[in-house]
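Dear colleague,

I am passing on the structure below, and my notes on its surface and its charged pairs follow it.

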Amino acid sequence: MSVSPPERRIWWNEPIEKVELVWIGIAFLWGVFMFGFMIAWHFIGGQNLNKEAYRVAPSNYEVKVENFAKTYKVREEKGVPVARPPSGTDVYLLGRLWQWWPILELEKGVSYRIHLSSLDLQHGFSLQPVGINIQVHPGYEHVLTLTPTESGEFGIVCNEFCGIGHHMMTGKIYVTDQKRAAGDQFFAEGR
Ligand SMILES: [Cu+2]
């Protein structure tokens with residue numbers, strides 16, 4: 001098949017096929033339905049993570065996270081503290097150019113209140129491979145309840161373009177089994 005110009009020069013001015021009109025109508029109505037259904041998803045959807053958000057000055061938030069990391073630091077990985085808070089408490093994580101800080105160590109099956117904010121620009125918190133995505137804004141402290149259901153190592157990437165180092169903006173969450181966690185606790189206290 002060769003590509004040839006349309007037979008009639010004014011080809012766009014023809015009446016639309018009935019079938020095509022029907023399809024445009026269906027697509028339009030579906031779009032309207034989906035638009036309205038956003039409200040329904042707020043109540044019946046499983047994807048609404050964030051129920052709380054507070055205004056916070058980035059510098060105040062930084063202090064909170066630094067205190068949190070200092071208090072619960074169990075070790076360091078390449079200069080980044082690994083914070084392991086007591087089960088079921090408040091956990092603080094910040095995004096900034098270009099890292100998620102600190103590294104968290106949580107227990108499987110325990111609910112935590114995760115605080116999230118940015119110190120500079122808008123970042124995208126994306127938990128991998130789980131696929132939890134949250135927009136993180138400077139000036140707002142988001143608080144969400146999270147219960148890890150699987151143990152292992154989880155990565156955090158930034159999925160909101162934030163500059164030259166965006167592709168290197170990563171973080172980490174370790175989820176330990178409760179049994180092992182109890183042993184570690186003993187070990188940590190024994191030192
Ligand atoms: Cu980014």
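Does Phe43 count as buried or exposed? Phe43 counts as exposed because its relative accessibility is 67%, where buried means under 20% relative accessible area, exposed over 50% and partly exposed in between, with a 1.4 Å probe and protein chains only. Please bear in mind that this is a predicted model, in which local features need pLDDT of at least 70 and side-chain atom pairs count only at pLDDT 80 or more, while totals for chains, interfaces and linings use all residues. Residues are numbered from 1 along each chain as its sequence is written, and side-chain values use heavy atoms, with hydrogens and water left out.

Turning to the charged pairs, there are 12 salt bridges, each being a side-chain nitrogen of Lys or Arg within 4 Å of a carboxyl oxygen of Asp or Glu. One of them joins the side chains of Lys64 and Glu141 at 2.8 Å, N to O. Because Lys64 lies in helix 2 (residues 58-72) and Glu141 in strand 10 (residues 140-146), this pair ties together parts that are 77 residues apart in sequence; helices (H or I, at least four residues) and strands (E, at least two) are DSSP runs, numbered from the N terminus. Lys64 is partly exposed at 33% relative accessibility, whereas Glu141 is buried at 4%.

Another salt bridge links Lys172 and Glu153 at 3.8 Å, N to O, and it connects strand 12 (residues 170-176) with strand 11 (residues 152-158). Salt bridges with shared partners join Arg75, Glu77, Arg84, Glu105, Glu153 and Lys172 into one network.
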